[in-house]
Every structure is written in C-alpha cells, then in structure tokens.
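Please keep the sequence and the 3D view open as you go.

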Amino acid sequence: MTQADTLRSLLAQDKCHVMPCCFDALSAKLIQQEGYDLTFMSGFAASASRIGAPDLGLMSYGEVVDQARNITDAISIPLIGDGDTGYGNAMNVRRTLRGFAKAGCAAVMIEDQLAPKRCGHTPGKAVVGRDEAFDRIRAAADEREALREAGGDILILARTDARHEHGLAEAIDRAAHFAELGADILFVEAPRTVQEMRDVCTNLPGPKMANIVEGGETPDLPNAELHDIGFSIAAYPLSLMAAAMQAMVTSLRSMRDDKRPGQMDFVELRRRIGFDDYYETSEAYASSRRGQ
C-alpha cells in the first residue's frame, strides 16, 4: 500500500482521527512513537522551527518540500503536507503536488487564500476569486491523475478560508465545488460556533477536517463530539510547538537561576531519537562496532 492508500483506509473508518501536527522530523517521530495514525506538517510550526519566522508566506516551496522530505524519512505513518496556495498559478500547483508526492507525503493541502497567505486564525486573511480558487483544485486533481498514470499517488486536502471575508455559506459552497473537482478531503477553516461546524459537515460530502487551534476561533471540542458532528480528522497544529516552546523557555529561565527543571531521562531521550536502534542494527557490520 502507498501512504495515500493507508490514509484512504484511515478515512474510511468510522472515527475522528486525532492528528497532532509536527514541525520537524523529531516531533513527527514522537507522534508515531505515541501511537498516532497520521500527522500533518503544520505550516505555522514548521515556519517557526525552520526559519524562526511567522507563517506569512515566508518559507519557499523548496524549503517546505525539504522539510516534508526530512519528516517522511523519519516516520512510516502518513504525512499530510501543507502546500499553502500552491506557490503560484495553476502550473505551480501541479508542481507542488508532484514535489510533495516525491517527498513521500500521503496528501497535500491546497488553499484559496491570496498569496502571501496568513495563518488561518490571525488577522488580515483574504481569499482569491472563485475562478482562481477552483483552478487551483482543478490543477491539483489533474496532477494527481498524472501521478497515478506514472505509478505515483497522493490525496488532495482542499481548504477554504472564505468564512472570514464572505461568510459560512460562501465557504461551504466553495468547498462543495472543490469536492466536485476531485478533492479527497475538505477543510473549511475557522468556523466560529458548534452550529457552524455542524453546518459544514451536514452540507459537504466525504471526509472533513477540523482544525483546532487552542485560543483560536473554532470551538475546542472533545473528540467524541467532533466525530458525532461528522469530522474524520481533528488537527492540532500548534499543540506540540506551544508545549515545546513553553518547556524550552521554562528551562532557560531555570538555568539562569542555576536550577534544572524536570527533563526527559537521558536514557529515554537517546532511545526515542534512535540511538538504540542504530547500535542494534550496526552490530551486523564488524567495521561499525565500537564500545557503547
């Protein structure tokens, strides 16, 4: 099975998959070690981690694909990549699909924001017109079919941010047309009430994703309720990044006072990074053996 096939099988299950979002290979590895079935490379968190800058379209296509490739090399669960606006016109969208597929992603998200995009829960968002939005998904679907003919495979997660400027009805209408154009998963960003979340799921076909940003505009509901509403995936794009940043700031402040906060045991840290697996595998090669 391809990673895209694995993701299809997950989406066919009658459940809402909790999807912690990663930002680099190590965070993705921890997500897999804790038994999660899939992950998403958060553009917000990846931009913060890789270039120390906000998610405002500053990371280039090449940087994003490279980050995705590093992640897929470290895990075996499906990764959904953040393709932003596709990095240009319809032909750029096709290149984005092809690049993310070659990087090993199970799916790629393409959205209808005006470039340079903004985080979905921050001010100043704007979306392109319908024709351009639909062309992006049409181009993505065309490239997906071309990949399949060549033996590749990837799913399309189609996102609309139209709720912010134009209201929920326009967002639902755009997402419905995305599905008609061939999108595999639909994502209406930032519904503001539980009823709006229900309206999204009631009026749209196929798998839907909820994006839960702690402190953001969308209600942070229990997973059972998200499943009852009709979501197949619940993404948590900032949970790990926020926890990691808080832990690092706490450690830095404690070190200044000559204290050591609670940390992961050195033995477990080495194990989770992969030292033990490396040593075990390297024992098969005499020239690689050293005192451990």
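Which residues of α11 are buried? They are Met-241, Ser-251 and Ser-254, where buried means under 20% relative accessible area, exposed over 50% and partly exposed in between (1.4 Å probe, protein chains only). This is a predicted model, in which local features need pLDDT of at least 70, side-chain atom pairs count only at pLDDT 80 or more, and totals for chains, interfaces and linings use all residues. Residues are numbered from 1 along each chain as its sequence is written, and side-chain values use heavy atoms, leaving out hydrogens and water.

**Helix α11**
- After α11 comes Asp-258, with a positive phi near 60°.

**Aromatic pairs**
- Searching the whole structure gives four aromatic pairs; rings of Phe, Tyr and Trp (its six-membered ring) pair if their centres lie within 6.5 Å, and planes under 30 degrees apart count as stacked, over 60 as edge-to-face and the rest as tilted.
- Phe-134 and Phe-178 have ring centres 6.0 Å apart and planes at 85°, so this pair is edge-to-face.
- Both Phe-134 and Phe-178 are buried.
- Tyr-278 and Tyr-279 are also edge-to-face, because their ring centres are 5.9 Å apart and their planes are at 80°.
- Tyr-278 counts as exposed at 57% relative accessibility, while Tyr-279 is partly exposed at 30%.
- Phe-275, Tyr-278 and Tyr-279 make up one aromatic cluster.

Technical notes. Helix = DSSP H or I, 4+ residues; strand = E, 2+ residues; numbered from the N terminus.
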